[in-house]
Each structure stands twice: as structure tokens, then as C-alpha cells.
Amino acid sequence: MTPLSQLLPGQFGKLASLNPERGVDQRLMALGLLPGMVLKLIRKAPLGDPLAIEFGGQVVSLRLAEAENLIVDVSADCPIQRPRQP
Amino acid sequence: MSTPDAGLLVALVGNPNTGKSTLFNALTGLRQRVGNYPGVTVARKSGTCDLGDGQKVELVDLPGLYSLAAASPDEQVVIDALAGNIAGDRRPDAVVLVADATNLLRNLFLASQVAELGRPVVLVLNQADVAKEQGLRIDAELLSRRLGGVPVVLTSAWKGEGIADVRRAIARALDQRTPMKRVVWPANIAGALADVAATASADTGKEVTAADAQRLLFDGNATTADRIGWTVAQREKTLRSARDRVRNSGYNPMAAEPLVHYAHLRAALEGVVTEGRGKAGRTAAVDGLLLHRILGPVLFAGIMLGLFASVFWLAKFPMEWIQSGVDAFKGVVAPPLDAYPMLQSLLTDGIIGGVGAFLAFLPQILILFLFVGILEDSGYMARAAFIMDRLFSWCGLNGKSFVPMLSGFACAIPGLLSTRTIEDPKARLATAFVVPFMSCSARFPIYALMCAAFIGPLYGPGWESVVMVGMHCVGLLFAVPTAFVLTRFVLKVKPQPFVLELPRYQMPKPRDVLWRMWQNAAEFVSKAGTVIFAITIIVWALSYFPRDAAVADRIKAANPAVSEEVVKAKVQAAYVEQSYMGRFGKAVQPVFDPLGFDWKITVGVLASFPAREVIVSTLGVTYSVGEGAKADSQHLRQAMQDAKWSEGPRAGRPIFSLAAVLALMVFFALCSQCGPTIATLAQETGGWKWAAGSFVYMTALAWIVATLVYQVVIRLL
């Protein structure tokens, strides 16, 4: 289980859990990012923050600090690129 | 049925980036009205839509949003407008839901929430051409059946395809009044919602709809409770036990709404969309370039430089035309009125001059909005915010603050108007507050005059450019900490998380961009114009009256051997000196004494409050070289270099010492001296509170910093 903020660009993951009490997570849920959804970290902004993630056919940007509470399962059965760092 | 059709209201609702506004323009044919919802700075755009059979309805374009959870003012307006809770506005008779055909599931979440209101619905699947290109086949008929028989129309608003079908579908919805099929809530949630509705209704004595109950149960904020007057004490226990009931059924109460809706929609969309062979869009490839780690910022800088240069340089020509047009007009109007000097001055200096100075802003506003419109509609604006966010987030602003602040370097007014692209109310207010700090082009003349008259001759052209660049940074230097303090300690508005869709790139539709540019300009002229006009007339009157003919006679008598032009300039100076403005300037000069300003500079500063560029021509008048003075005027430079203190401890020393020159420039860099900016700030923040706050803060800050500069530099040298 990895926080979304630690994913590498190009890496896929399956959303394991989020914190529905937080505004950010509520926004993301409204966009369809619900537990079990496969997502991909597309890239980080040139200054390292925010992130661009893809899920459900859309690309959404969110800040690094706000991505920490989104826990992602990188070993689930989705097209995976193994993390290159521990 | 023979109801008068003109009274019917239809609302247009949808996610951002669905082409909703393009559809709105196509349906109303630009027969539109723009107003404001009461109490909030959300525009109410509406227009007349012909349903094709002679029937006409009013169509209102509600702000784009992803969810009805009332987190921002825009979202609250949509909820209230749809439910008919806005004073003076009717409840819509039907709702047109606009969805992006390429991403139906996400778009239908909002539709499914709106269905809970039970209004007749038309579902428009826009951008059907793009969906087709991508190989998506959509069975509209099947979707219509799954959603309870509501009309489902495929359109490409950009190409103008399917618009007539939408008109017919609206007519059908108004006639048959078919509501969209609602989600089936699990028994425990349905029970909890019923409890909330019943208790809230009993406690407040008001009708509480199913949709109200959902907002009360699912939203963390209290907007709906406040509206119906359900107090904390009354609702606390009911809501807690209702949420416990939801939790016991296995749902987190804060996640239940999207979970249930999305499950419902997945089932409804089963078999509706089939993926065939198609082209993947180019968006990902373009992003690879425009958001590249190194190339991205370089291209960004290039695009923004282009935007800034256009606002700054392209606007110069029309601004000069307006200026020369105004001067020519004055030249025509003035001579016949030579016998009536007061009327002549009121018309030329007051009314024509004032209106002209105001109109001179229009080219910059139009050009900026043209470019902002292109950036927004193409999808690049979201990328710009993505690239810049890190630089702005630490002081409470966000990536979208960049364009308004950059525009502020040309002119604060278009900068303020472009803060409308910032959704987060807190970041928007803070951005609007700091935009006037950017060194706008109206500050340029005083910098140029001071540098050319003092810095250049004394220290050489090298220092002249250093000071010039430095002055352009002073405002920015104070703006950033201001934003930090404002968002951290002053603004009570809840910040919105910066969740931003990076939409598909798209060719902007010229008609939409031009139309929005025109609407923004028209709104600016009609709203800010009247205030600015009033301020101009007041300042004119203060520096014109009283006007005793004896003053002119005395000057003429004292200077018998001097050329007529010089006498004229001296008379003008004498009149200003004894005008209310001049007397006031002399009276308040002690306030500006710590900054090293004499009464002549003080009058210039005071007269510059409506428009800071006035300082150069006012100094021209008070230093008796005539009001036509420009920043490059040799006479004015000479007169200022020669000016000496006539009394007091500094008697005999030059007034324009390096300390005073720097203090004057810093004062102009920071002071709030622009009537149009204040009026626009009031308009954009929905009241005079922030405009007044900005005026007081900037003026006080300018005084303090300029005093420090003067007192430090005068002691060092």
C-alpha cells in the first residue's frame, strides 16, 4: 500500500482507500475516483507539485500534500510498472 | 394547454469543459442578458431560446460544476437556482443537462444528482463528433429508456449539429414533463434521508424536499441548514443518528452519495457505450510537450510573454487613437465656448477628458479577454495553472492567480476581471486584492520622468534602468507577503482544494471567444463607468473652483514683459494654487512632509488619486510649465531640478533630492491611485468592503514605505 504521492510518473495503481471527510477526496469521488478504481500517475508538474493523474478517461491535477491520504495498491491486477525504488 | 410560453424558464446545467456555453450561444443566438445573482458575485446569464415551433422560453446558463455538494458559491447558486430558492428568480420548468459524450459516466453523476429534484429533464450528449472519432458508439435510445424516457440528444455544438433536436427535445420535455429516473437508495440510507426530512420540516415548519435532505445528510457544510433555519442545536442529534444509520449499513456517510450514484449509473450505462476502433486524441501527446519538465516552462514563458506583450503593445495603438480622438474632440468643442470658460473646462477637462481616460482602458481589456478566452477554451489555461501552482500555493493563491497578476503589469482592471477564472473564492479574493500592486503602465510616466530628470543625469543611464526595473518589482515584493497574511489570517472563506481537470485540447470557437470578450467589456463599461465618471467630475470641480478673475489680473499685471504663453502657465498655476485642491494640498502638506514632498507634489499626489498618470500633467501645472507636460518634457525637468525649499530647516536645499525622488516613486508604486481599479474591485468582490480595505491598506502602506525610504536615504547621503 502506497500513498498516491509516492507513485512514479507512468505508474499505475488501484485506489485502496481515501478519506471521505476531506474536501479533496470528496471532489475526487464526485469525479468518479472511488475505491477499486485504477489510476495512473501521468506526471508531476515541472516544479514537482502538483500531480496529474488519470482515471476513468480523464486527467485531473491535485496537489502533492492532498494526494497523501489517497492510498493506492500498486500490486493489484492492473497494468503495473514495478516501482524502481523501494 | 394554453399557458403563456414566454413565462417558461429552462436551466442549462453541466460539468465544465462540456461545451455548455457554446450550446447556450447556439440556442439563444446571442440574444442574451447578463446580470448578477443577489448577494454573490456569480453572473446570471440568460437568453431567449426559440423552441422551433414559435414557442419561446427563457434559457439560463448556470455555472459549470461537477457535483451539487455545495462547496463553492457557484455550486450553491446552481443548487438554489434549480430548487427555485433564489429571491426574484423562478424555479426552472425544465433542466437541460449537458454531458460530454466522451466521458458519460462522470458527466452523468451531476445529472443523477439533478434528477433528485424531480424536474423534467433533457439530456444533451455534446461533443458527439469527438466521441465518434474516438470510436465510441452511443445508443441514445437505450440510454433514454434506462433513464426513464427522458429525451436524450446527441449534439456537436461546436459544429452546430443537433441544435434543432435540442430545441424540439426541450419542447417535448416541457410538454410531457418526464422526470429522469432517480437513483434507488439502499433502505437504510432512504430511511435516514426520510428521518432528516421529517425532523427538519417539523423543527423549522418549512417544506424540506428530498434533494434538501440529501444536502443536509451528505454535505459537511451547513448552507442548506442555514437556509431553512435549522439550528445546530436542533439538527445535531438528528444528523448524527442519521449518519450512524448510514454507517451501520456499510457506507461512510460522506462517501455514500457518489458510491450509490456511480453504482446506479454503471448499471444504467451497461451496453449504452460500445468502444470501436478510433483515434486516440492528441491531447496526451501535446501534454507531453506543453507539460514537459523543461520545455513546458519555456513554452509557458513564451506564451505568457506573448500575452503580456500583446496587452501592452498592441493596445498602445488604439489607446493612442482614442487619446488623439479625444484631443481632437476637445479641439472642436472648446473654441465655441471661449466665452464660457467654466463650461468649457467642465466639458473638455472634466467630461471629455474623464470619459477619454476611461475609454483608454478598453483596448487592453478587449485584448486581454480575447487571449484569456482563447487560453481557456483551448484547454491551456488549466495547464498554465498546473505549471504555476507550486509558485503560488505557499502564499494561499493558486496557479490560476498567475494570469491576473501578469495582466496587472499592463493594467489592473483587465487583471481584476480575469480573476473570474479562479473558482476558489478565497484565492480569488486574495488575487484580486494583490493585482493592484502590480506595476501597471500608468505608473510608467512618473518613473520615466523621475529617472530622466534625476537618476539619469546624476548617476548615468545604467542606474536609470536599475531603478526602472526595481520600481517594477516593488509592488510584487509587497504583494506576496500581503497575499500570505490575507489568506492565512484575514480571510475567513474556506479554501477549496485545488482539484483541477486538465481537459481535452480543443479549437476555440471564434464566436464564443469574441462574444465573451464583448460581454466582459460591456459589463465593465456599464458598471465601473458611472463611478469613474462621478470621481472625475468631483476632482475636476475641486481643482477648478474657486476661480476669481482677480487672480489672473494680478499675474498679468505683475508680468508685463513676458510672453503670453508663460503668463498663461503662471495664471494656471496660480488658479490651481488657490483652488480647493490647492488649499487642501497646502493644508495636508505636513502629512507628506516626512516623505519629502512640498505642497506642489502634494497637490499632484492628491489630484492623482482618481488616476495616477495625472501626476505628470499636474506637476506641469504646479511648476508653471503648462498642463501639456509629458514625461519627456525638458521644461518640466528643468523646473523640477531648480526647485528649492523656500522655508523651514531645508530652506535653499533642492526639493527633489535623491531621497525625495525615490520616495515619490515608491509612493506611486504602492499607493492606491486609480478610481477605475477601486470601482472594479468593488464590482468583482461584491461590495465596497474590500475596495475600501484595498484603498486604505495600499495608501497607508505607500505612506509608510515612502517615509522609510526618504528618512533612510536622506540620512545616508
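Trainee: Which residues make the nonpolar surface patch of about 800 Å²?

Mentor: A patch joins residues with over 30% relative accessible area and no salt bridge, like charges within 9 Å and nonpolar side chains (Val, Leu, Ile, Met, Phe, Trp, Tyr) within 5 Å. A salt bridge is a side-chain nitrogen of Lys or Arg within 4 Å of a carboxyl oxygen of Asp or Glu, and areas come from the Shrake-Rupley method with a 1.4 Å probe, only the protein chains shown counting as cover for residues. Here the patch is made by B:Leu458, B:Tyr459, B:Trp463, B:Val466, B:Val712, B:Leu716 and B:Leu717. This is a predicted model, where local features need pLDDT of at least 70, side-chain atom pairs count only at pLDDT 80 or more, and totals for chains, interfaces and linings use all residues. Residues are numbered from 1 along each chain as its sequence is written, chains are lettered from A and ligands numbered from 1 in the order written, and side-chain values use heavy atoms, without hydrogens and water.

Trainee: Which elements give two or more residues to the nonpolar patch?

Mentor: Helices (H or I, at least four residues) and strands (E, at least two) are DSSP runs, numbered from the N terminus. The elements are α21 (444-459), α22 (461-490) and α32 (688-716) of chain B. B:Tyr459 lies in α21 of chain B.

Trainee: What is the strand order of the open sheet of 7 strands?

Mentor: Strands pair if DSSP finds at least two bridges between them. In chain B the order is β2-β3-β4-β1-β5-β6-β8, with mixed pairing. The edge strands, β2 (32-36) and β8 (152-154) of chain B, each pair on one side only.

Trainee: How many bridges join β6 of chain B to β8(B)?

Mentor: 3 bridges join these parallel strands; B:Leu123 has B:Val152 in β8(B) as its bridge partner.
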